[in-house]
2 protein chains.
Amino acid sequence: MTALTGQTLRANLKEQALLEEAMALAGWDQLTGMPQASGDFRAELQSYLASRYLAVATGEAAQELNKYFGQPTHLAELSTDDQALFKRFQSDYVRDASIPKAEYEAFQRLASQGQDAWTAARQADDYQLYAPVLAKLIQAKRQFIRYWRKDEATPYDVLLNQFEPGLTVDKLDRIFDQLKTGIADIRQQLKDDGVEPDASFLQRTVAVDKQRAYVWEAIQRLGYDAQKGRLDDTIHPFMQDLNRNDARITTRWSPNDYQMAILGVYHEAGHGLFAQNIDSKWDYTPFNKGIAMSIHESQSLFNEVMIGRSKDFWTSEFPRLQAAWPAALGDIELEQFYRGWMKTAPTLIRTEADPLTYPLHIIIRYEIEKALFNDDLPVADLEKLWNDKYEAYLGVRPDSALTGILQDIHWASGDFGYFPSYALGHLYAAQFLQAMEKELPVKDLLQAGNLAPLIAWRREHVWQYGASKTPAEILQTATGESLQPSYWLKLQTERYADVYQL
Amino acid sequence: MTALTGQTLRANLKEQALLEEAMALAGWDQLTGMPQASGDFRAELQSYLASRYLAVATGEAAQELNKYFGQPTHLAELSTDDQALFKRFQSDYVRDASIPKAEYEAFQRLASQGQDAWTAARQADDYQLYAPVLAKLIQAKRQFIRYWRKDEATPYDVLLNQFEPGLTVDKLDRIFDQLKTGIADIRQQLKDDGVEPDASFLQRTVAVDKQRAYVWEAIQRLGYDAQKGRLDDTIHPFMQDLNRNDARITTRWSPNDYQMAILGVYHEAGHGLFAQNIDSKWDYTPFNKGIAMSIHESQSLFNEVMIGRSKDFWTSEFPRLQAAWPAALGDIELEQFYRGWMKTAPTLIRTEADPLTYPLHIIIRYEIEKALFNDDLPVADLEKLWNDKYEAYLGVRPDSALTGILQDIHWASGDFGYFPSYALGHLYAAQFLQAMEKELPVKDLLQAGNLAPLIAWRREHVWQYGASKTPAEILQTATGESLQPSYWLKLQTERYADVYQL
């Protein structure tokens with residue numbers, strides 16, 4: 001066996017990263033104005049880049065790296081950083097190489113068909129058009145789980161663990177039970193004793209270019225570096241980082257819903273901040289790109305919910321917003337603005353949910369996924385189960401598949417086990433805020449509009465690490481504790497008690 | 001030797017084309033809003049993609065293809081189309097593989113340094129900061145010519161032939177002599193007997209969004225397919241085709257120079273039309289992408305000059321322009337508009353030249369390049385020679401390097417022998433128009449604003465072929481003649497006699 005070095009490993013990771021960067025650019029472009037007729041050509045390009053990527057990540061050179069540094073004596077030849085990178089490389093390699101190539105490719109095709117079927121089903125508002133492909137996707141994923149499974153307690157644990165190392169059904173059941181009860185309690189109290197805010201001023205017209213000008217300035221106050229990003233229009237907002245100096249955000253606009261743009265762009269800028277502030281030593285490595293979704297989401301939600309839904313923040317920010325849009329907000333008082341801004345109401349659509357009800361949307365999806373993979377729930381029964389759960393947990397029942405089970409693309413793309421990360425992001429964000437408050441006068445800083453110390457805290461405790469630590473490690477180091485949903489519940493209880501004048 | 005097939009060849013060409021598409025997207029993005037801080041990362045990505053491209057185009061598999069189909073008996077196994085593709089593959093292969101890899105990479109680095117030095121020299125307005133790197137680039141290119149040269153009469157012929165198959169110094173000397181004399185005659189006549197038009201209304205303010213709305217509609221009337229393209233802002237306008245369903249154009253704007261946007265966007269849309277209308281059988285082959293620049297330019301110039309400077313066209317188009325911008329053009333008569341639109345005056349900057357004086361800018365560059373490669377002209381003398389020639393041919397002398405020798409980036413990027421194609425594009429466009437007039441009532445069609453037959457003619461005679469025929473072949477087939485500069489001179493003579501009321 002030829003002697004390999006850290007440089008050999010880094011070169012392989014760099015080639016993977018460069019191919020990922022090309023795919024990321026092509027993907028961003030596809031969603032931000034690529035000519036309509038060009039879809040088939042783009043699919044061909046992405047398919048080529050993906051096959052190159054797989055060849056680099058699992059080909060002969062990768063096999064040799066895996067074999068060589070898989071031996072402890074050789075692993076010890078690497079620097080500490082490179083050892084960590086190898087472990088990540090190895091687990092990705094094992095995940096990708098353990099699926100027979102033909103099955104992997106068949107799954108890719110199925111996922112592509114799934115998205116087409118999902119689109120067709122949405123157009124016809126008919127879940128049954130999509131159910132057969134969904135069933136095949138689930139079948140294929142169950143087979144993958146058999147290849148992947150080691151000592152995980154249940155099949156669904158295998159998927160959870162891929163998105164969030166160490167996460168289990170057992171842990172999530174406990175966390176989500178606590179949330180379900182806690183949220184139900186808050187909602188009951190608001191219903192019984194709360195004073196409903198008036199939020200009608202949120203529908204006042206603000207021209208899109210005025211919205212754009214305000215949010216672009218505002219996110220720079222939140223730390224987003226305009227030299228390392230851009231803001232484009234799209235249908236489903238996202239952040240795409242090509243590298244730490246190019247973390248692009250996107251949004252959609254409505255002249256009569258400026259809250260959507262403000263919170264949406266704060267959110268994506270939070271993802272962008274993470275990407276822009278990863279230590280440069282992780283350039284062209286999986287620690288720069290492969291960040292667990294829960295921890296990434298905790299940073300977008302920190303911007304959107306911890307800051308963007310904070311009364312202290314709006315004490316300093318609302319006068320700026322008023323100055324930017326005097327016609328729409330000149331006659332609104334801060335107190336009135338904040339109460340309307342925070343109004344909570346159940347929705348059918350996850351992406352339109354407010355922070356209080358959002359976790360319930362995730363819990364519904366989690367319970368269904370768990371039933372699919374651990375209890376072999378038949379796919380034909382999904383729609384009814386979905387609707388029943390919405391009625392039970394949120395008190396609203398979809399009267400169409402469009403506003404029900406067809407609203408998310410995740411399953412159609414073959415992504416299962418991904419949803420729980422969204423809820424974890426909420427919980428992490430609240431726990432980070434609580435830890436920050438022990439070290440910094442957060443309330444005063446927000447009221448003064450001095451966000452720099454909050455930005456520095458997150459850079460130091462979260463962003464710089466990229467994916468070099470697991471979410472659990474980052475949380476433990478930054479807050480001194482493992483995940484405690486109580487911080488999130490306490491925050492929401494206090495905020496809504498204030499807003500609803502309990 | 002293993003038996004290879006047309007499919008093996010096509011697969012290699014397709015991989016080249018897909019890598020080119022990725023590079024094209026990354027290049028377009030870099031010039032249309034990529035975050036400023038991301039330059040180094042983008043250079044790294046492009047360098048990786050270029051090295052992959054070279055590996056595919058000249059690597060082991062390419063060597064085998066070249067060896068195998070290089071034998072006439074094997075070549076005969078291919079379809080006619082595939083034989084043509086192999087010949088193109090082979091000539092590209094020989095060109096790229098005949099340069100030692102180390103020298104090729106050194107040249108790439110030098111070209112990158114050249115662009116940096118050019119930028120720095122422009123900032124300081126000092127040619128001498130850039131002259132040393134330019135000298136090295138020329139030295140390296142002279143060495144390449146030694147590798148490439150077969151039976152070409154002079155070293156510079158080697159470069160000309162690469163950009164335009166069959167083009168020689170001998171031919172160009174004759175063509176450019178004819179142009180020099182002809183243009184001088186027209187300009188002298190206009191000076192002696194012409195009535196100078198008033199073009200002051202061209203500086204009237206038209207808001208950029210109004211300019212954008214008009215040109216976007218106008219180019220669709222000229223045949224540009226909006227489903228297969230987009231229009232973005234940039235500094236130096238260009239068209240970038242990723243594939244035939246994605247031919248993007250870019251432009252720059254000034255509220256007080258709408259002529260720049262109109263003619264600029266017509267021009268780029270002409271390039272876009274070519275790309276959008278190549279026969280789909282050439283998808284993922286060099287016949288889709290590697291079109292000679294002269295023939296491509298003939299199509300952009302057909303839009304810009306043959307149509308965009310035609311009085312017949314403006315007969316139908318000017319009322320539309322007036323309706324779009326009543327405040328700026330409501331009080332202008334068609335005749336007055338057209339005379340101002342056509343006003344000619346010498347400029348120092350090539351890209352700002354009008355159609356009459358444009359070829360002189362090219363002739364100056366041609367004469368200098370020829371002297372550099374055939375007479376070993378010292379690089380230190382270039383600036384004085386440049387200025388002397390501008391004074392002699394155009395009657396204007398640059399008083400700074402910025403408006404003189406530092407205006408073009410081509411040489412800094414290592415591109416020599418490229419400029420003549422621009423002038424050829426003008427001549428081809430006029431010859432195509434003349435041939436079209438034999439078959440179609442062009443004057444009536446333009447006056448009626450019925451451009452469809454002109455579009456169909458160009459699709460049939462030019463666009464569909466992509467690069468599967470040489471410019472000379474396309475010209476001969478479409479017009480029945482080899483290149484005749486007299487058509488261009490006749491057209492300009494007539495147009496300017498009309499405008500200047502001779």
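Over all chains, the salt-bridge count comes to 74 by the rule used here. The model is a predicted one.

Biologist: How many salt bridges does the rule find across the interface of chain B and chain A?

Modeller: Eight salt bridges. There are also 14 residue pairs in polar contact across the interface of chain B and chain A, counting pairs with both residues at pLDDT 80 or more.

Biologist: Which elements of chain B supply at least two residues each to the side that touches chain A?

Modeller: Helix 1 (6-30), helix 2 (39-58), strand 2 (239-243) and strand 3 (246-251) of chain B. Helix 1 of chain B gives the most, with 10 residues. Sorted by class, the side of chain B that touches chain A holds 14 nonpolar, eight polar and 13 charged residues.

Biologist: And how much area is buried between chain B and chain A?

Modeller: About 3000 Å², with carbon and sulfur atoms giving 57% of that. On chain B, the residues losing the most area to chain A are Pro35(B), Phe41(B) and Tyr48(B), together 22% of what that side buries. In residues, the contact takes 35 from chain B and 35 from chain A.

Biologist: Why is the relation between chain B and chain A called a two-fold axis?

Modeller: Chain B can be laid on chain A by a turn of 180° and a shift of 0.0 Å along the axis, with an RMSD of 0.0 Å. That is the relation of a two-fold axis, which is why the name applies. In chain B, Ala22(B) has the C-alpha nearest the axis, 3.5 Å from it.

Biologist: Let's go inside chain A. What are the domains of chain A?

Modeller: Chain A is divided into domain 1 (6-97) and domain 2 (200-342 + 438-469). Their centres, taken over C-alpha atoms, are separated by 30 Å.

Biologist: How do you know that domain 1 of chain A is in contact with domain 2 of chain A?

Modeller: Contact needs heavy atoms within 4.5 Å, and 16 residues of domain 1 of chain A are in contact with 20 residues of domain 2 of chain A. The area buried between these domains of chain A is about 1700 Å², of which carbon and sulfur atoms give 66%. Glu21(A), Trp28(A) and Arg88(A) supply 36% of the area that domain 1 of chain A buries there, more than any other three residues.

Biologist: What makes Lys281(A) and Asp81(A) a salt bridge?

Modeller: The closest N and O atoms of Lys281(A) and Asp81(A) are 3.2 Å apart, which is within the 4 Å limit, so the pair counts. The rule finds one salt bridge across the interface of domain 1 and domain 2 of chain A. The same interface has five residue pairs in polar contact, both residues being at pLDDT 80 or more. On the domain 1 side, helix 1 (6-30) and helix 5 (80-97) of chain A are the elements that give two or more residues, and helix 1 of chain A gives the most, with 10 residues. By class, that side has nine nonpolar, one polar and six charged residues.

Biologist: Why are Arg95(A) and Asp92(A) separated by about one helical turn?

Modeller: Because Arg95(A) and Asp92(A) are three residues apart in helix 5 of chain A. Their side chains meet in a salt bridge, at 3.6 Å from N to O.

Methods
Residues numbered from 1 in each chain as written. Chains lettered and ligands numbered in written order. Predicted model: local features only at pLDDT ≥ 70, side-chain atom pairs only at ≥ 80, totals over all residues. Heavy atoms only, no water. Buried area = accessible area lost by both parts, 1.4 Å probe. Polar contact = N/O pair within 3.5 Å; in protein donor to acceptor, adjacent residues only side chain to side chain. Helix = DSSP H or I, 4+ residues; strand = E, 2+ residues; numbered from the N terminus. Nonpolar A, V, L, I, M, F, W, Y, C, P; charged D, E, K, R; others polar. Domains from an automatic or database assignment. Least-squares fit on C-alpha atoms with pLDDT ≥ 70 in both.
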